[in-house]
Amino acid sequence: MAEKASLLLRAMIDFALTRARTKRYPHAARHLESCASLARRIEDFGAWGDHQTYVAELRAQHGRKTGFWSA
């Protein structure tokens, strides 16, 4: 169950950042915190990559979106 919740949260984060929905950045930041919490309960991320990998990819793709990272 944690796997599905994490994937759903990641989808919402990706949507907000990819479409530059700045009003959603605080929500997306909270979603990222939830993903970190859920990651502790996930044994196998499969093809999706673990939480650290996901955060690294976010930083690479959206590192300049300070409104998100500061939230």
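## A tour from Tyr25

Select Tyr25 to start: with 5% relative accessibility, Tyr25 counts as buried (under 20% relative accessible area; exposed is over 50%, partly exposed in between; 1.4 Å probe, protein chains only). The model is predicted, so local features need pLDDT of at least 70 and side-chain atom pairs pLDDT 80 or more, while totals for chains, interfaces and linings use all residues. Residues are numbered from 1 along each chain as its sequence is written, and side-chain values use heavy atoms, without hydrogens and water.

Now show the aromatic rings. Two aromatic pairs are found (Phe, Tyr or six-membered Trp ring centres within 6.5 Å; planes under 30 degrees apart are stacked, over 60 edge-to-face, the rest tilted). Tyr25 pairs edge-to-face with Phe68, at 6.2 Å centre to centre and 80° between the planes. This pair links distant parts of the chain, 43 residues apart: Tyr25 belongs to helix α2 (residues 25-39) and Phe68 to helix α4 (residues 66-70).

Stay on Phe68, which is buried at a relative accessible area of 2%. Phe68 also pairs edge-to-face with Trp69, at 4.8 Å and 75°. Tyr25, Phe68 and Trp69 make up one aromatic cluster.

Finally, zoom out to the whole chain. The chain has four helices and zero strands (DSSP runs numbered from the N terminus: helices H or I, at least four residues; strands E, at least two). The C-alpha atoms fill a box of roughly 30 × 20 × 20 Å along the principal axes. Of the 71 residues, 34% are buried.
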